[in-house]
Amino acid sequence: MSNTTTTTNTPARSWTGRGLARERWHGYLFLAPTLLFLAAVIVLPLFHAFWTSFQRIRGLNSTFIGFANYVRVLEDEAFWHSLRVSLAFVSVSVVAHVLLGLLLALALNKITFARTALRVLFLTPWMVAAAVGATIWLWLLEPQFGVLNYILLSVGIISAPVAWLGTPGTAFAAVTTVEIWRGVPFIMLLTLAGLQTIPAEQYEAAEIDGATSWQKFRHITLPNLKYLLVVASTLDIINVVRHYDIIGIMTGGGPAGATEVLPALLYNTAFRANRFGEAAAIGVLLLSMVLIFAAMYLRITRVGQEDDRR
Amino acid sequence: MSRNALLAAVAVIALAGPAAAQNRVTIQWQTPNLTEAQYEPIWKQTIAEFEAANPDVKVEPILVARRDHWTKFVASAQARQAPCIVAVDLTTAAAEGYLRPMDDLWAKEPASFRDAWAPEMLSAAKWEGKLYGLPNWGGTYAEVYNRELVEKAGLDPKNPPKTWDEYLRWSKALTGPDRWATSILGGKTDTTTRVLLTWIWGNGGEAFNADMTEATFAKNPKSLEAIKFYLGLFTKEGVASPAPTTTNYLEQTVLFAQGKIATMRNAYWSIAKVIGDNPAIEGKMFVAPMPSNIPNAPTLASVSAHSISQSCRYPEQAWRFIKFDMDKKWAIERAVKANWMPLRRDLVNEPELKADPMLAEFVRIGANARSYPLPHPAWADIAVNDIVDAVQKALLEPARTDEIFRDLDARVTRKLRQ
């Protein structure tokens with residue numbers, strides 16, 4: 001009713017009308033501070049990174065060299081090694097995030113005792129700053145004085161201190177474990193929210209039909225969560241592929257490059273090797289990878305929205 | 001005093017105060033050592049006394065962890081906002097254009113001040129003939145022993161090992177359950193490189209040719225032999241503490257302070273760090289020249305210099321602070337309390353310095369030392385990335401040591417010639 005009244009009081013005008021054209025500019029004016037801010041903190045640095053990737057930087061002097069940095073990066077085995085490490089790191093982390101996040105969410109959705117306290121407890125790793133969490137783990141895993149070795153030695157699981165961050169296999173496992181520890185709560189939170197939107201009637205009907213727990217999970221829970229899990233996984237990939245903090249603090253990419261994911265290679269190239277042009281080229285290549293996943297995310301969400309409308 | 005006179009005085013003070021504050025300039029000071037506990041009281045006192053004597057200058061210390069020191073400096077230098085006074089890898093920073101030549105400021109000083117630095121010491125702070133820093137403190141590397149552990153192993157502290165054979169014999173005697181003779185440094189800092197160089201030089205080897213255009217870690221048989229012996233203390237002999245690929249200065253000194261290792265190759269400043277970690281160890285250490293396979297083997301002397309950044313807007317005030325910080329008083333304070341060896345040659349006979357037998361021994365050992373970092377613009381990259389990566393790989397795959405260091409030679413030689 002109120003819409004009708006408004007239409008009656010305000011004569012319909014096209015967007016080409018002078019009044020509305022002015023209103024449209026008012027809209028842009030209101031948006032201007034935000035757009036300027038975003039341009040300053042995102043667009044300009046992005047262009048600067050692109051520009052830097054075409055330069056040979058020597059301290060405060062730079063020379064335009066076209067695509068030479070890209071050629072050098074792509075010819076360097078270190079880049080391909082880092083790409084392989086990144087792919088392994090992201091794959092293991094994301095799969096574990098989703099599986100453990102789903103399991104925890106299912107458990108928390110069932111539990112009625114101390115539900116809020118448990119949710120807060122499981123969220124703690126995600127709430128702690130990554131740098132702080134990584135530093136805590138660094139000391140827990142310390143070979144001589146670390147708590148983990150102390151416990152394992154005490155119960156006789158190991159006979160000598162293990163250098164968790166000192167060999168390629170254990171170092172990769174350690175940083176991936178910490179990444180999993182930190183990333184599971186995010187997926188758990190999303191999945192828990194998704195679980196609570198599944199209509200209880202579907203489970204009730206399945207129970208009447210005599211469905212087992214597994215059948216209910218397979219035919220009700222999973223189909224209802226499918227869209228959410230795909231979106232969460234894609235977001236998680238975008239998130240994990242950019243991560244540097246945990247690896248930067250715990251191993252710096254070592255030992256012998258075993259944990260040197262692309263962001264670590266970027267950092268080491270820029271700040272240890274002082275080759276900013278090459279580092280910017282690595283950054284642009286990394287951004288391209290992230291953009292592919294971002295495009296996937298946008299496509300998935302658009303399809304999801306269209307499904308909802310139907 | 002009449003009421004008008006009182007009001008006038010208050011007005012003058014009120015106006016003069018802000019005016020003086022407006023004329024006061026702030027200069028920033030960043031060195032990797034400002035965060036070290038043993039140095040903190042000294043630098044705080046230095047700043048307080050400097051500001052009292054120079055009311056027009058405020059010194060703002062930039063506290064940054066050692067591992068982030070270079071990153072922060074480079075980021076701020078790229079933004080043309082670097083702290084005025086810095087202590088960084090001088091050759092690399094000068095070649096990158098991050099530092100301001102100091103020759104004009106140096107030339108204005110009287111001969112009495114300039115004579116305090118030996119020409120060879122100043123040459124360590126030069127790049128392409130220009131002075132980019134004033135050497136402030138240094139550290140000569142030597143072998144530090146835990147006297148109690150040495151005696152407990154039935155060894156004689158008065159006769160420390162002079163050769164590698166003797167060192168290995170000692171190492172085996174000093175190794176026991178949950179205790180090792182020493183630590184191999186293989187963590188991702190340039191301390192790994194420093195210690196490796198001392199072993200190479202101690203065997204008569206060279207890591208580079210004379211004009212630093214070629215790396216010879218594998219090419220020089222003496223160098224490769226030294227590398228294998230040193231890393232073999234862990235991989236072959238089992239006399240070094242576990243996890244060498246993650247062991248840096250910090251871990252090494254903690255292990256020594258806790259009595260987990262009996263000897264460490266380190267500079268004088270490690271003594272203060274170890275005592276800070278475990279006060280009970282004070283007076284239970286002794287220092288000796290590094291065992292070597294050649295007579296009169298040189299050790300490594302790390303030189304830290306104060307430089308002025310290219311983006312410093314107040315070089316005259318920065319120079320004033322540098323001179324103040326170079327004063328005898330602070331050099332002695334740093335030597336006695338923080339264990340940093342002074343580099344002014346006119347301090348050699350200072351009674352406070354001569355009274356410390358351990359410092360005297362470090363000074364004696366340092367009489368035959370090569371200065372560090374090595375003079376090449378790519379040095380920071382080579383020292384922290386290439387050499388450390390090779391050491392880590394060789395520790396993980398000892399059978400491939402020859403191949404790993406041949407690859408290192410090729411990689412580093414390319415960088416040296418770029």
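These entries record the salt bridges I looked up in this predicted model.

**Conventions.** I worked with a predicted model, in which local features need pLDDT of at least 70, side-chain atom pairs count only at pLDDT 80 or more, and totals for chains, interfaces and linings use all residues. Residues are numbered from 1 along each chain as its sequence is written, chains are lettered from A and ligands numbered from 1 in written order, and side-chain values use heavy atoms, without hydrogens and water.

**Entry 1, the count.** I took a salt bridge to be a side-chain nitrogen of Lys or Arg within 4 Å of a carboxyl oxygen of Asp or Glu.

B:R370 lies in strand β12 (residues 369-372) and B:E206 in the loop between α10 (190-202) and α11 (221-235), so the pair ties together parts of chain B that are 164 residues apart in sequence. Helices (H or I, at least four residues) and strands (E, at least two) are DSSP runs, numbered from the N terminus. B:R370 is partly exposed at 30% relative accessibility, and B:E206 is partly exposed at 28%; the term covers the range between buried (under 20%) and exposed (over 50%), with a 1.4 Å probe and protein chains only.

I found B:E316 and B:R320 joined at 3.2 Å, N to O; both lie in helix α14 (residues 315-325) of chain B, four residues apart. B:E361 and B:R364 pair at 2.8 Å and lie three residues apart in helix α17 (residues 357-365) of chain B.

I recorded A:R72, A:R275, A:E278, B:D381, B:D386, B:R411 and B:K415 as linked in a network of salt bridges.
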